[in-house]
Amino acid sequence: FFCRSQLSERLIGSSGSSAHQHGYNVHYVPFRFCHSLILLFIMSSSAPKLMRAIRCHRFAGLDATTGRVLSDPSSYSPLRSVLSLDTIPQPQIEGPNDVLIQTHFAGVQYPDALQAQGLYQHRPPLPYTPGLDVTGTILGTGSGVSGFKVGDRVLAQSPYNLGCLADVVRVDANDVFHVPDGLALSSCANVGRNYFAAYHSLKVIGNVKAGDLVLVDGASGGVGMAAVELAKAMGANVIAGVSSDAKAQYPREVGADAVLCYGRDKASHKAFKEAFRKAAAELGHPQGANVVVDVVQGGLFEDALLSCVKPLGTICLVGFTAGQKPIRPGVILIKEAKVVGSLWGRWARENPEGHRENVQTMVSFMATAAIRPRADRIFSVEDCISAFELFEENKGRGNTVVSFGRDDGDSIIRSSL
């Protein structure tokens, strides 16, 4: 095609005879149309590709003027008022170890809601895209990446930059792992937030061995249920604690040897302590648990947990869903217990080979069905804020997942509050 203009006619002749003489089939189009095509080509080749992403624009639990945490939780802004589904530029490969992932599913857990309120230990610069965990397929890799190719089904984490609640995610190749064949991508979308945290407590901190006794509280939640599953896969005996009898079925379904209710007051905590002693003795551990995985803290810690751990045993502090209470060193001294904060991110960064070995162990557990990751609730990306509201309203349980509309054959059950 040629543009009819003074310049083109001088080059090929007003009738196009020069071009015809050389065997070309010449068609003329208006110059303005041709000019528009050129501009469209330039713009399409240079303009960034856009994608959907959940964005947090301010922290719901902080004073807008002072930036301090609001003293009254009832005055927090609703998460729906600080989160939105936006259109932003899609990330590109920048470094040799980068991997681009087309998101199929991304996980949402209690820390994500806490972070959007400004109450988590890390506050990202605003606005930010939440999300630690993603599953999907590889779109591209940097020049230094080996072992992965475009189209591979993978799970990945973005522990430092977050950003997984978006159509496309850029992560470091060291944080990417193949998903075993036959395992639904939706079921793996909270592996980092839940299973990595649980396994770090059990393996790295607790050094759990076959035959040990492990106590897990908050055992109907994501980390709690993962800890129950992993401890059983490691050959341990497990007693699970839940806040209400209505939640007891969930840790029981994933293999807990006993499930006990600790309630929400001192009397319930005392009853739980006595019930634990009896259950521990029946499992052959009259001195108590070798390891306690504590995601609750609050009053339960001193009212019951310190009495449940055996002398020289370990309590792994993973979270504080019941709030933070001061820990008196005297009671820890008398019990001869170790109390250790459990955050897997720093250890993984400083011990990449050990972390990758741990993840491969968990993946092998998945492949053999020793553990069965699952998606308990799945929300569409258009309804993603409802996933956060589950945890805002203390209705979160197990594994909550956001679907980006690429189900890869997974069976999707849409959820609502």
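Guide: Start with a caution: this is a predicted model.

Visitor: Where else is the pLDDT below 50?
Guide: Over residues 409-417 the pLDDT is below 50. In the model, that stretch has 20 contacts beyond near neighbours in sequence.

Visitor: And what is the mean pLDDT of the protein chain?
Guide: The mean is 87. Of the chain's residues, 86% reach 70 or more.

Visitor: How many helices and strands does the protein chain have?
Guide: The protein chain has 13 helices and 17 strands.

Visitor: What share of the residues is buried?
Guide: Buried residues account for 52% of the 417 in the protein chain. The chain exposes about 19800 Å². Carbon and sulfur atoms supply 53% of that area.

Visitor: Which share of contacts joins residues at least 24 apart?
Guide: Take contacts between residues at least 6 apart in sequence: 72% of them join residues at least 24 apart.

Visitor: New topic. How enclosed is helix H5?
Guide: Helix H5 covers residues 191-205. Of its 15 residues, 13 are buried, so the helix is largely enclosed by the rest of the structure.

Visitor: What comes just after H5?
Guide: Asn 207, which takes a positive phi of about 50°.

Visitor: On to the rings. How many aromatic pairs are there?
Guide: The count comes to four aromatic pairs. One of them is Phe 59 with Tyr 128: the ring centres are 6.3 Å apart and the planes sit at 35°, so this pair is tilted.

Visitor: Where do Phe 59 and Tyr 128 lie?
Guide: Both are in loops. Phe 59 is between strand S3 (50-56) and strand S4 (83-89). Tyr 128 is between helix H4 (110-116) and strand S6 (133-141). The pair therefore ties together parts that are 69 residues apart in sequence.

Visitor: Is Phe 59 buried or exposed? And Tyr 128, buried or exposed?
Guide: Phe 59 is buried, with a relative accessible area of 11%. Tyr 128 is buried too, at 5%. The cut-off for buried is under 20%.

Visitor: What about Phe 196 and Trp 344?
Guide: Their ring centres are 5.1 Å apart and their planes are at 85°, so that pair is edge-to-face. Phe 196 lies in helix H5 and Trp 344 in helix H11 (residues 344-350), so the pair ties together parts 148 residues apart in sequence.

Visitor: How accessible are those two?
Guide: Phe 196 has 3% relative accessibility and counts as buried. Trp 344 has 13% and also counts as buried.

Visitor: Switching to cavities. How many are 30 Å³ or more?
Guide: The count comes to one. The largest cavity has a volume of about 60 Å³.

Visitor: Which residues line the largest cavity?
Guide: Phe 196 and Trp 344 turn up again here. The lining also includes Tyr 199, His 200, Val 204, Trp 347, His 355, Asn 358 and Met 362.

Visitor: Which elements give two or more residues to that lining?
Guide: Those are H5, H11 and helix H12 (352-367).

Visitor: And which one gives the most?
Guide: H5 gives the most, with four residues. Recall that 13 of the 15 residues of H5 are buried.

Note on methods:
Residues numbered from 1 in each chain as written. Predicted model: local features only at pLDDT ≥ 70, side-chain atom pairs only at ≥ 80, totals over all residues. Heavy atoms only, no water. pLDDT = per-residue confidence, 0-100. Contact = heavy atoms within 4.5 Å. Buried < 20%, exposed > 50% of the residue type's maximum accessible area, 1.4 Å probe, protein only. Areas by Shrake-Rupley, 256 points an atom, 1.4 Å probe, with all protein chains shown as cover. Phe/Tyr/Trp six-rings, centres within 6.5 Å; stacked < 30°, edge-to-face > 60°. 1 Å grid on protein atoms, 1.4 Å probe; cavity = no way out; pocket = protein on both sides within 12 Å on 5 of 7 lines; lining within 4 Å. Points joined across faces, edges and corners; volume = space filled by probe spheres on them.
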